[in-house]
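The stops below are meant to be followed in order.

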Amino acid sequence: MPATVSIYHGAFRDENVDKRVFRYAEWGDYAVEVILDKAFKMFNAPPEALEEDEIVIMEQYRKKHLRSLSVGDVVQVEDVKYVCQSFGWKKKEEYDLEIAAEEKRRADFLQKRVDFFREEALQLADKLIAREKARMRNT
């Protein structure tokens with residue numbers, strides 16, 4: 001039974017990572033990691049580096065004028081999505097959790113900075129008001 005493999009482009013800001021751009025059937029009895037690496041190879045390597053069955057799929061992909069597979073793109077094997085990393089693959093579910101945690105860390109950091117500067121601004125305003133009151137008393 002073949003594995004259904006779907007490609008989603010999401011490496012660049014103008015791309016919708018939820019929109020499938022290509023789908024094919026992988027007929028080999030391969031482990032998921034092999035299927036993922038094979039997809040990366042087919043959509044990046046020159047034809048002379050591919051096997052005959054890979055060339056057929058690569059040509060179908062290129063006929064759609066699709067760009068090469070890049071870091072940040074998603075390959076789905078059956079019902080599980082994987083994000084292409086700088087080296088290797090990560091389940092999209094895990095990747096999304098990491099991104100959400102990083103965004104929370106950034107938001108917390110920015111909130112601390114906002115709070116700090118708000119307090120600094122209030123202290124400065126108090127000093128300026130006190131200085132202006134003192135000046136007015138002396139005139």
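The model is predicted, so to speak of local features a pLDDT of at least 70 is needed, side-chain atom pairs count only at pLDDT 80 or more, and totals for chains, interfaces and linings use all residues. Residues are numbered from 1 along each chain as its sequence is written, and side-chain values use heavy atoms, with hydrogens and water left out.

**Stop 1: the largest pocket**

Rolling a probe the size of a water molecule over the atoms shows where empty space is left. On a 1 Å grid over the protein atoms alone, a pocket is an open set of points where a 1.4 Å probe fits, with protein on both sides within 12 Å along at least five of seven lines, whereas a cavity is a set from which the probe cannot get out. Lining residues have an atom within 4 Å of a point. Grid points are joined across faces, edges and corners, and a volume is the space filled by probe spheres set on the points.

Select Gly10, Val17, Gly72, Val83 and Tyr95: of the 13 residues lining the largest pocket, these are the closest to its centre. The space inside amounts to about 230 Å³. Next, colour strand E4 (80–84) and helix H3 (92–138), each of which supplies at least two residues of this lining. Helices (H or I, at least four residues) and strands (E, at least two) are DSSP runs, numbered from the N terminus. H3 gives the largest share of the lining, 3 residues. By class, the lining holds 6 nonpolar, 4 polar and 3 charged residues; here Ala, Val, Leu, Ile, Met, Phe, Trp, Tyr, Cys and Pro count as nonpolar, Asp, Glu, Lys and Arg as charged, and the others, Gly among them, as polar.

**Stop 2: Val83**

Keep Val83 selected; its place is in strand E4. Is this residue buried or exposed? Val83 counts as buried, because its relative accessibility is 1% and buried means under 20% relative accessible area (exposed is over 50%, partly exposed in between; 1.4 Å probe, protein chains only). Show its contacts (heavy atoms within 4.5 Å): apart from residues up to four places away in sequence, Val83 touches Gly72, Asp73, Val74, Gly88, Trp89, Lys90, Lys92 and Tyr95. A C-alpha to C-alpha distance drawn from Val83 to Asp73 reads 5.8 Å, for residues 10 apart in sequence.

**Stop 3: the second largest pocket**

Select Asp37, Phe40, Val71, Cys84, Gln85, Ser86, Phe87, Gly88 and Trp89, which line the second largest pocket. Its volume is about 160 Å³. The lining comprises 5 nonpolar, 3 polar and 1 charged residues.

**Stop 4: helices H1 and H2**

Two packed helices are described by the angle between their axes and the distance between the axes. Select helix H1 (residues 32–42) and helix H2 (residues 52–63): they pack at an angle of about 65°, with axes 10 Å apart. Axes are lines fitted to C-alpha atoms, for helices over the stretch in contact, and angles run from 0 to 180 degrees between N-to-C directions. Now show the side chains of Lys38, Lys41 and Met42 on H1 and of Asp53, Glu54, Ile57 and Met58 on H2, which make the contact. The contact has 3 nonpolar, no polar and 4 charged residues.

**Stop 5: Ser6**

Move to Ser6 in strand E1 (residues 3–8). Ser6 is buried, at a relative accessible area of 4%. Beyond its neighbours within four places in sequence, Ser6 is in contact with Arg20, Phe22, Arg23, Val74, Val75 and Gln76.

**Stop 6: two positive phi angles**

Select His65, in the loop between H2 and strand E3 (74–77). Its phi is near 60°, a positive value in a residue other than glycine. His65 is exposed, at 75% relative accessibility. Then select Glu78, in the loop between E3 and E4. Phi of Glu78 is also positive, near 60°, and Glu78 is partly exposed, with a relative accessible area of 40%.

**Stop 7: along H3**

Finish on helix H3 with Glu102, which is partly exposed at 29% relative accessible area. Its C-alpha lies 30 Å from that of Leu122, 20 residues away in sequence. Phe117, also placed in H3, is partly exposed at 46%.
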